[in-house]
Amino acid sequence: MSGTNPAFRVNGRPVPLGEVPGDEVLLDTLRWRLGLRGTKEGCRSGGCGACTVLVDGRGRLSCLSLTRELEGTEVTTIEGASDDPVGRVVQDAFLEEVAFQCGYCTPGFVMAVTGVLREGGRLASTAELLRHLGGNLCRCTGYVAIARAVERARERLP
Amino acid sequence: MNGHARPDGPSKVRGEVEFGTDLSVPGMRWGALVLAPLSHARIRSVDLSAARALPSVTAIGAAEVHGLVGASGEPERTPFPLGEVVYRSQPVAAVAAPTLEAAREAARAVRLDLEELPAVAGLETVFPEWPGPEAKRSPHVAAHVLARRGDIARALAGAETVVAETYRTGAVQQVPLEPHACVAEVTGDRWTVRTSTQSPFGVREDVSAILGLPQEAIEVQGTWVGGGFGGKGASLLEPYALLLAKAACAPVRLALSYREEFLLGRSTLPMVVRLETGVRGGRIVARRVRLLLDVGTSLPGRDFATGYSIGFLLGPYRTETFEVEGYAVRTNKPPFGPHRAPLAPQAAFVAESHLAHVARAVGVDPEAFRAAHLWETGGTTSLGQPVGPFGLPAAVQAARARAAEWRGRLPPGHGVGIGLGFWSTNTGAGGEARLRLGTRELVIEQGEREIGSGSVLVGLAEVASRRTGVPFDRVRVEYHGTSDAPFDSGVYGSRTVGALGRAVDEAAVAVLVTVGQRLGASGTVTVGVDGDRLVARAGDRRAAVEELLTDAERAAGGIVGEGRHYGASAGIDETLVVDGSFYPYQDFTGAAHVAEVAVDPATGGVRVVRYAAFHDIGVVLHPGLARGQVEGGVAMGLGAALTEEATWSEDARLTNPGLVDYRLPRLGDVPPIEVTFVEGYPGAGPFGAKGIGEPPIIPVPAAVAAAVEAAAGVHLTELPLSPERVARAVKGGRTCGAGDAAPAR
């Protein structure tokens, strides 16, 4: 799996993986090795979704992903969301529906919704899309505004 | 959104705000705590030598504290236990190392020699029978409260019907998405900590008391807070981080893992409530309420919860003759801590379910029965406190209408229920505000950080904007550390707008007074914009703010106005109080909620189908944010009603420290929520506002329980209404005149 100069891309930039220990998870690589702390650390065991990023366009829990196994992939974090046409639509929808309060789950939610919309697109109903978001926890909003934001983003997909 | 846009929106959806967990400074060490593996034990020794032998590791325990701070704090609040461990996971030592992995390894290298002692986990282990008067002297009793009016024994004897019940409610944890986290640094005699907290000044006070440092030596700077819900009010990690930073001569980051968050968190603990209610001629003539509250290892004298929760157990109902008694019972759990409207949702469940049960026992409609006993504007509570403008009766009326509508078309297996609750604005230890009117903006200088509700960034700015006329987008909240911020108690207790907002309002008025003097005009002063500049007007006088500043003000950034609000609590009738202290509520608010649920009789599973919330929050300052508080509070209440319960083994070990076994509501669990504000009952807050942070969670378990009772014909006396409990009750066939239930199939 690993080539001579193993690397992956984060938000479009190549990142060498040579110095990353084999047991390091993507969450720590992003936050403490690359300084991309927009990706949030919650439960670190796949139970809260706060650390969700996109790997090759699909939502993924960075706390459960070994970085070295992502060689050759394209990782998109919240810092890169605005450069993604779907990500930007989702961010705008979250803003307009005020689908955040404390903001801690927000980066993970924005990335998860972006991933779900990229996969499901405009054809999926909002209810179907929401069924794929049960792994992201929010303690502040009661999800009501988040559901509204998903609906709004779906309608506006580029 | 209805109302001004949140200024923190763009940075939050881009993940740019820096929370406590995101802090990082050059040269930072990583801290870790060594947690006691037993719930109760005598400490023979804490051996740090193996940890210290690891490269670049700093390790400290109780023996080091005195040398590090040069004095000692309150003897009963030492950071590390001296003689005995009193709860499992109590920090007994702390380490710092260059990486988190190294810190964890060092923590594992600390050798503890402990002699296990018997641990007490449950209330009913301490008091299998209801405690008698001698219990007050028990080492397990941290507080006792007793109040009465009239002759309870005689009133009960004279009642036509007396209904007696016992209720049990479980423990709930706050579970903010962001775990506790801080970074501490000690430079000379200055102890600085940046931390995710609901109360920078509260942390300063705690650190001062625990470490024995003067408050002036401590600087607390709040960060963005990733959810608090009461769990980030008092200090938790800060004393350890500061001690480590002092010992390591380097900044130290200390954060809890999620598992530790569950293990060390100060949760709202179980209670057992016994109630006796006497009725004559359809009216309540006597109520006796007795409470055993688990306060964990809370210290005597530091319990607020017992005298506080009693009022919620009486509910928003007037009773001539009553007796209330509560014991704060110490167990080997972590100390009790507040969880959004601490104990009020559980107490409202008890009060509402019991009174509905009483009503059915005497053949009266449960909702009409409760409505007939409600407090009203201008009345007094059972404890003698005056009730100001109070919209709960109107909210109840609206809720009953909605419930009737839903009951008209109810599918089989569904049921509709109503729950009520009241709340009040907690003024805390008061608050002060400082405003600065500059040439282009009005600045609110604050120590409080935004915890998510919008109460600081939007709520306080809204008050200042409305009072002065300065457009909302020209009002800015500027954060300061505790060394130069105006004092405030904290962002809790639904107090930010209702209480601190009054200080902001007073400061705004002070600014306007100065502006009026400078303009040389009497009458109403307002400030508006003209192009880029702020312009003041009074009568026919008009001047740019720039022209009104003195040289000193120009240098300092503007005209300063100060305000303070320390509350004037409308007193309890102290002649009713026999023992202990009762919490003085003020500025009453209330809510009535309607839930429709579907119950699966086979599994006991409860699905909430739809929900309506009717709230009196006085004058609504920002409809969008107020609605957000209700939606979020209802969802959190659904967790407390149905799935969330922290449980301990018989030896006081938390058995479900994680999200798998402590189940929070998920996206699919929350139904559509209709939110209505019942207006016309202004509160004492600025422009008639009342608090809204906590009220929405309060009626939820009561409303859901009433709906479950209607759907399945089971009367449940334990919370949460877990599938096991519901299924057991269904199987046990405890029907109680299912009233408005549609027949289950």
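This is a predicted model: local features need pLDDT of at least 70, side-chain atom pairs count only at pLDDT 80 or more; totals for chains, interfaces and linings use all residues.
I began with size: for 745 residues a compact globule would have a radius of gyration near 27 Å, and chain B agrees because its value is 27 Å. The radius is taken over C-alpha atoms, and the globule rule is 2.2 Å times the number of residues to the power 0.38.

Residues are numbered from 1 along each chain as its sequence is written, while chains are lettered from A and ligands numbered from 1 in the order in which they are written.

**Overall**

I looked up the extents next, and the C-alpha trace of chain B spans about 80 × 75 × 50 Å along its principal axes. I found 20 helices and 28 strands in chain B; helices (H or I, at least four residues) and strands (E, at least two) are DSSP runs, numbered from the N terminus. Of the 745 residues, 60% count as buried, that is, with 20 or more other C-beta atoms within 10 Å of their own, C-beta atoms being placed from the backbone.

**Sheet**

I traced an open sheet of 7 strands with mixed pairing, in the order β24-β7-β15-β14-β13-β8-β28 of chain B. Strands pair if DSSP finds at least two bridges between them. The edges are β24 (577-579) and β28 (718-719) of chain B, each pairing on one side only. Leu146(B) stands opposite Asp579(B) in β24(B).

**Helix α10**

I then followed α10(B), which lies across β7, β13, β14 and β15 of chain B and runs at about 145 degrees to β14(B). Axes are lines fitted to C-alpha atoms, for helices over the stretch in contact, and angles run from 0 to 180 degrees between N-to-C directions.

The axes of α10(B) (residues 305-314) and α11(B) (residues 344-361) come within 7 Å and cross at roughly 35 degrees.

**Contact with chain A**

Last, I checked the contact between chains, which takes 43 residues from chain B and 37 residues from chain A. α18(B) gives the most to the chain B side, with 7 residues.

Conventions. A residue is buried if 20 or more other C-beta atoms lie within 10 Å of its own, exposed if 12 or fewer, and partly exposed in between; C-beta atoms are placed from the backbone. Two residues are in contact if their C-beta atoms, placed from the backbone, lie within 7 Å.
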